[in-house]
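Dear colleague,

Please find the structure below, handed over for your records. My findings follow directly after it.

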Amino acid sequence: MTDGGFPPVPAATWDGLGSGCSLLFDANPLAMWVHHSDSLRLLEVNEAAVRQYGWSRRELLSMTVLDLFPPEDRPAFLQALLDGLPSGGMRSQPGPARHRHLTRDGALLIVEIQSDAASYAHRRATLTLARDVTEGEHLRAALGTTGDQLREAQAVAKVGIWEWDIADDQVRWSDELYRIFGLTAQAFPGTFEGYMAAVHPEDRALVQATVERSLRTLEPFDFAHRCVLPEGTVRWLQCRGRVRGVDGHPVQMSGACQDVTAQREAAEALSQLALHDPLTGLPNRSLFMDRLGQALRRLDRRDRVLAVLFVDLDRFKVINDRFGHAVGDQTLLAVGTRLREVLRPSDTVGRLGGDEFVVLCEDLESDRAAVRVAERVLAALDQPIVCNGHDVVSSASIGIALSGRPGSTADALLRDADMAMYRAKETGRHRIEVFDNSARLRTQARLQTADELRVAVESDQLRVVYQPIVHLGQATPAGVEALVRWQHPRRGLLTPADFIQVAEDTGLVVPLGAWVLRRACRDLTRILDQGGPGSGSDLVMSVNLSARQLSEPALVAMVESVLAEFALAPWRLCFEITESVLMDDVDLAIALLSDLRALGVRLAIDDFGTGYSSLGYLRRFPVDIVKLDRAFVGGLGGDSAADAIAAAVINLGHALGLSVIAEGVETEEQLTVLRALGCDRAQGYLWSAGQAPEALASWMAARPSGGLELRPVALAGLVAERVAALRPAATAPVVVHVPPTLAAAFADAGAARKVLDHLLANALKFSPGHRPVVVSAAADKRFVRISVADYGVGMTPDEAARCFEPFWQADRAGVSESGGPEVGGAGVGLYIVRSLVEAMGGHVAVRSAKGAGSTFTFALPRTAREAKRAGRHGALPPGMGEDSSIREFMRQIGVPRGGRVRPPSVPSRRGTGGNRP
């Protein structure tokens, strides 16, 4: 408290006060206002001023400070301002200035004024605090009356007076002072030591030193201390006193003590609100930064390490979405408690907001000590938190910034820790990253990239290339995907991996995305207008949407405007959204996708299988297409797990009525497997990288095909080649009975090779090492037949009837390492074999007996005529996989056999057809 009992007025300029000090202004129990320093017009008032003067807030803000004064007092106030006294007081008047003010009903108030210069809305202003002391003035006027009146005045003001005769150490108290201390005259010894006994133990040194200094200098004192009442209650007292001396020696001291506990508690409550997080009670950003600044100043005098830990919970939003915000709040409370439990008492834990916490550790012996602290924090947060009966598991990513030398600033240290935390997120989450010079260089590079990208968007440095999407089973292109490139003046042509994340972080992805959309629609319109290949096809332009674009309120209107500008049929535009982006806010994503879908555009989930979506969410998203991520496509043909995942995604998509596009196809082997699994479309370097618009037209004119290329294939030579390739790694002898004069089959060479490789590998897998695998062949007028026989475990009739279903596995003969039955079988591989053979117009069969081995025979047509007669030319047979286990799985989770209900068609404004499937 300052002289006169005023709470301290913040010394910062009004424009820079921030939310904490603004709260102190609004919630202060004393009247406060801000007025223009020149015009004296009131610019802001708090609620206490409204109550004190009786005018409404609007009325006060239409007045000037002069309107508060009686007319006869205004000239003196103005003269004082001209003399340079901001409070309008007298130069000889000690303490705050006192004035008479008028209320709305004409009553006179006596107020104590304290003013400080401030800045408000970039104008020179004055911040004023006005305390109503009318009642106190009346009480002081009554002090010269009777003793009863004096005691009443003291009781009203909660002020007790005292006298101390120093020579004989006799202390006399007024009745009110006894009441304040909770003592009686009999219980109080009436000495200075008796007074000291009632003082709080932690404040006795302060009281002793203050009194001794006053006795030595004969100067008055005014300070606050605590006292302890007999029942243990602690009260705050504001004590004022003066010394009477004779010949420079103190003989008597007198003064008053006022109970200011209520004012102290109110001030502490306001400070708690202004400087602490309301949910966890931890220091907020303002208090944490203040303590960090003080710690850095102390660091100048110590040869120790200071660390800032930036702790961010991983996927905290999923907790809110799954359990609700009440559980989310309880989780944050528990995290704050655990942080305090694993840290030293001297460490500071703060919450910046959301799921972001910060830790300040001083006086560490080494950098490694900071990492050990972070490891303790990670271990503590790994333990499940029980909230409302739910076990909530939430890991964290931690960034560490270290300062072992003077010169670091609080802002820079917190920023470095934040950057290190983001690095931990990017490299897999649930990690600890320490900010170092390389991180600093990465940060500087990101900032430079952001600045240069702003220029690139405005100066035509961006390019759009188009990667074709091919029908697997037709001889036409299906569409193209627009891919942005940056023709950097120094670094050359940059791919999105070099700048898209920066664009996302800075918000530049919004204008960048709008530019790409317009350019893609323009180029598609030109291709369609040329009337060449693709102009009458189902050619679709795919454009990527980022998380920041999805959060833009004007996205749907912008898309509608671009479609109208180029008179483009909505079904020709497909937006691709990454699966992880959709999962950031599922409800918002569903609403936005529904709005886009209502326009008639198509929607695709990009990188499917790499995010965290559940089947329940997939059913809710109003999408048309799922894109199989290149991470799964890369292993096709050589990794049975990749084959199984791809088969599951394709079957799942089809069961939901969606089309499936495979990304990153680079080899004929991958293409062969995708054809066999029934994938609808594909894209990748096998056909083309991204092309400029003018090159794209030429590429489409060549009518690239994703279908099987059927031509005469010499199966005798193919068998010899594949057996020779397998023999070095074979675990059993391979015997070949294939006549060299075997007729050629009309087939796709790559597909036939895949069939042979799988059947041979499967036979060797299930054959004992001492029994041979036999390959034989025969031909008639219509078909060429290849048989692969083994003498292995064999299958029961039921197993043989089901072995071509995807995901089916037979029981192996034997016991696994864990002691249970060993499960194996062909799985998705035989499904691929059957699909490829039937796609070439042939058929496949198996004869098997348990314990006696199996013989697989596939027949391929000898002529194109025979292939056409089989009705399998160029496409997989209808209903492929209808009896597979994936169908049963989809039935169990409630997806109807016919798939999802498709939205109604939207009339086309260009091309043929409406909103095509």
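Ala567 counts as partly exposed, because its relative accessibility is 31% and that class lies between buried (under 20% relative accessible area) and exposed (over 50%), with a 1.4 Å probe and protein chains only. Ala567 sits in the loop between α20 and β22 (573-578). Its phi is near 50°, a positive value in a residue other than glycine. Helices here are DSSP runs of H or I with at least four residues, strands are runs of E with at least two, and both are numbered from the N terminus.

This is a predicted model, in which local features need pLDDT of at least 70 and side-chain atom pairs count only at pLDDT 80 or more, while totals for chains, interfaces and linings use all residues. Residues are numbered from 1 along each chain as its sequence is written, and side-chain values use heavy atoms, with hydrogens and water left out.

Asp169 likewise has a phi near 50°, positive although the residue is not glycine. Asp169 belongs to the loop between β6 (159-165) and β7 (170-173), and with a relative accessible area of 25% it is partly exposed.

Strand β7 also holds Val171, which is buried at a relative accessible area of 11%. Leaving aside residues up to four places away in sequence, Val171 touches Glu163, Trp164, Phe188, Gly190, Thr191 and Phe192; contact means heavy atoms within 4.5 Å.

Turning to helix packing, α18 (residues 509-530) and α20 (residues 555-565) pack at an angle of about 25°, and their axes are 10 Å apart. The two helices are therefore roughly parallel, a class for angles under 35 degrees. Axes are lines fitted to C-alpha atoms over the stretch in contact, and angles run from 0 to 180 degrees between N-to-C directions. The crossing of α18 and α20 is right-handed, that is, the near helix is turned clockwise from the far one by less than a right angle. In this packing, Ala514, Leu517, Arg518 and Cys521 of α18 meet Met558, Val559, Val562 and Glu565 of α20.

Two buried polar residues may also be of interest. Gln683 lies in the loop between β26 (681-682) and α27 (693-701) and counts as buried because its relative accessibility is 2%. Its side chain makes a polar contact of 2.9 Å with the side chain of Gln467; such a contact is a pair of N or O atoms within 3.5 Å, one able to donate a hydrogen and the other to accept it. Gln683 also touches, among others beyond four places in sequence, Pro468, Glu481, Lys627 and Glu663.

Asp643 is in helix α25 (residues 640-655) and, at 7% relative accessibility, is buried. Beyond four places in sequence, the residues it touches include Gly635, Val673, Leu677, Val828 and Ile832. The C-alpha atoms of Asp643 and Leu677 are separated by 8.7 Å, with the residues 34 apart along the chain.

For the chain overall, there are 33 helices and 35 strands, and buried residues make up 49% of its 917 residues. Of the contacts with a separation of 6 or more, 64% join residues 24 or more positions apart.

With kind regards

Key: Angles under 35 degrees count as roughly parallel, over 145 as roughly antiparallel, 65 to 115 as roughly perpendicular and the rest as oblique.
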